Amino acid sequence: MAPKPHRVLLDRVSGYADEAAAYMRRRRASRRPFARLYYPGGRAEDHATDSAVGGELFVAAGRLIEVAGKRPKS
Amino acid sequence: MSDAQASGAVSGEAAEAALAYLTEMSPDLRGAAILDSEGAVLAPADSSGHWAEGAATLFEAADRADGEAVEQVHIGTEQGEVFALRHAGLAAIAVTERFALASLTLFDLRALLRELAGETPLRTFTGPEDGKSPTRPADGEG
């Protein structure tokens, strides 16, 4: 007997949601801190956290994050 | 990046309205600031000193990295993400939650600075009316 049409739809939506959740989990786990600078003309440069420039950038970013504070829960 | 300066002085009121609009439409945004070419904070009026100091430190470090003035900065940390953008003599700084969409955030910041700089004068921000959310007039209005 064929499954009811809404069951097929629900299964499909659940499948997509599971895939999306797994993708977000992988992304969170794999993403490391980074500092990226963009220059006129489209050139971009990454700076490692353990480099001198990277360290300065992360300290500056940390201060700004403190200034911004936590987002109030709505 | 356009090196041209903003066509006129940007008022703090316009910057506040633009910032309110950005906050309204960016769910991931924790805080943001708009600065003029001197590094003075146009918005937000409160805690402006902290933003000015933080922005100056960030741009200083970024400019020193390669001896050239940066156009955009994107830093991702465990605590949040920081975006900074310069355009037409103005600068915008935004702090977001982690994993905010970078391209969208930078696009919004750039659009905001363009409007404030007067490059698209028909789409200027208006302040909140009747205590409601800030709005932008539709194309062709105003």
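Modeller: Keep in mind that this is a predicted model. In chain B, among contacts between residues at least 6 apart in sequence, 54% join residues at least 24 apart.

Biologist: What makes up the secondary structure of chain B, and in what pattern along the sequence?

Modeller: Chain B has 3 helices and 5 strands. Along the sequence they follow α-β-β-α-β-β-β-α. Chain B has 142 residues, of which 42% count as buried.

Biologist: Why is B:Ile34 called buried?

Modeller: A residue is called buried if 20 or more other C-beta atoms lie within 10 Å of its own. B:Ile34 has 27 C-beta neighbours inside 10 Å, so B:Ile34 counts as buried. B:Ile34 sits in strand β1 of chain B.

Biologist: Which residues does B:Ile34 touch, leaving out those up to four places away in sequence?

Modeller: They include B:Ala15, B:Ala18 and B:Leu19, and also B:Leu42, B:Ala43, B:Leu90, B:Ala92 and B:Leu116. B:Ala43 is also the bridge partner of B:Ile34 in β2(B). The C-alpha atoms of B:Ile34 and B:Ala52 are separated by 9.2 Å, and these two residues are 18 apart along the chain.

Biologist: How do you know whether β1(B) as a whole is enclosed or open?

Modeller: In β1(B), 7 of the 7 residues are buried, so this strand is largely enclosed by the rest of the structure.

Biologist: What makes β1(B) and β2(B) a pair of strands?

Modeller: Two strands pair if there are at least two bridges between them. β1(B) and β2(B) are joined by 2 bridges, so they meet that cut-off, and they run antiparallel. Their hairpin has 5 residues between the strands, and there B:Gly39 takes a positive phi near 90°.

Biologist: How many bridges join β1(B) to β5(B)?

Modeller: β1(B) and β5(B) pair in the antiparallel sense over 6 bridges. One example is B:Gly31, whose partner in β5(B) is B:Val95.

Biologist: Which strands form the sheet, and in what order?

Modeller: The sheet is open and has 7 strands, in the order β2(A)-β1(A)-β3(B)-β4(B)-β5(B)-β1(B)-β2(B), with antiparallel pairing. Neighbouring strands are turned by 20° against each other on average, direction ignored.

Biologist: Why are β2 of chain A and β2 of chain B called edge strands?

Modeller: Each of those two strands pairs on one side only.

Biologist: How do you know that the strands of the two chains pair?

Modeller: β1(A) and β3(B) pair in the antiparallel sense over 5 bridges, and the cut-off for pairing is at least two. A:Arg36 has B:His74 as its bridge partner in β3(B). On its pairing with β4(B), β3(B) also has 5 bridges, again antiparallel, and there B:Gln72 is partnered by B:Leu85.

Biologist: What does each chain bring to the contact between them?

Modeller: The contact takes 26 residues from chain A and 30 residues from chain B. On the chain A side, α2(A) supplies the largest share, 12 residues. By class, that side has 16 nonpolar, 3 polar and 7 charged residues.

Biologist: Which residues of α3(B) are buried, and what do they pack against?

Modeller: Among them are B:Leu106, B:Leu109, B:Leu113 and B:Leu116, along with B:Asp108 and B:Glu115. The buried residues of α3(B) pack against α1, β1, β3, β4 and β5 of chain B.

Terms used: Residues are numbered from 1 along each chain as its sequence is written. Chains are lettered from A and ligands numbered from 1 in the order in which they are written. This is a predicted model: local features need pLDDT of at least 70, side-chain atom pairs count only at pLDDT 80 or more; totals for chains, interfaces and linings use all residues. Helices (H or I, at least four residues) and strands (E, at least two) are DSSP runs, numbered from the N terminus. A residue is buried if 20 or more other C-beta atoms lie within 10 Å of its own, exposed if 12 or fewer, and partly exposed in between; C-beta atoms are placed from the backbone. Two residues are in contact if their C-beta atoms, placed from the backbone, lie within 7 Å. Ala, Val, Leu, Ile, Met, Phe, Trp, Tyr, Cys and Pro count as nonpolar, Asp, Glu, Lys and Arg as charged, and the others, Gly among them, as polar. Axes are lines fitted to C-alpha atoms, for helices over the stretch in contact, and angles run from 0 to 180 degrees between N-to-C directions.
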